[in-house]
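Please read these notes with the model open beside you. They are numbered so that you can check each point in turn.

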Amino acid sequence: MIEYRIDRRSGVATYVQIVQQTKQALRLGLLEPGDKLPAAREVVEATAVNPNTVLKAYRELEREGLVEARRGLGTFVRRSLGATPSDSPLRGELSEWASRARTAGLERDDVAALFAVVLDEHFDTTEKEQDHR
């Protein structure tokens, strides 16, 4: 089961963090169709966020067709995203790279900025949008 970690200093809305972490778990295969998300009450107890925030995140995931709420039973994953399992060799290579970056003195934000630039170079969003048309 997924455990949400809320970073109150990130500047990212709490419900968005829950949505993003759920999507990440779906992409990595940590959550699969049929899996049950934690009850809102459980998320509230673990993270000290407002119950309405959790429900807003779950509604957003449902609106995107990723989960479905079943009355009296909970919220369940409908479909996954991507095909990169958490034990992918690429993850190991990326982990080694991040370790080297840290050893070189880069901070988390430096690594994130560098990674974002490389992603932009290799995954041009305008090409993606055109490919989907």
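1. Helices here are DSSP runs (H or I, at least four residues), numbered from the N terminus.

2. This is a predicted model, in which local features need pLDDT of at least 70, side-chain atom pairs count only at pLDDT 80 or more, and totals for chains, interfaces and linings use all residues. Residues are numbered from 1 along each chain as its sequence is written, and side-chain values use heavy atoms, with hydrogens and water left out.

3. Helix α2 spans residues 40-47 and helix α3 residues 51-63; their axes come within 9 Å and cross at roughly 125°. Axes are lines fitted to C-alpha atoms, for helices over the stretch in contact, and angles run from 0 to 180 degrees between N-to-C directions.

4. On the α2 side, the contact (heavy atoms within 4.5 Å) is made by Ala40, Val43 and Val44. Pro51, Val54, Leu55 and Tyr58 make it on the α3 side.

5. Ala40, Val43 and Thr47 are the buried residues of α2 (under 20% relative accessible area, with a 1.4 Å probe and protein chains only; exposed is over 50%, partly exposed in between). Their cover includes α1 (14-27) and α3.

6. The face of α2 turned away from its buried side carries Arg41, Glu45 and Ala46, which are exposed.

Definitions and conventions
Helices (H or I, at least four residues) and strands (E, at least two) are DSSP runs, numbered from the N terminus.
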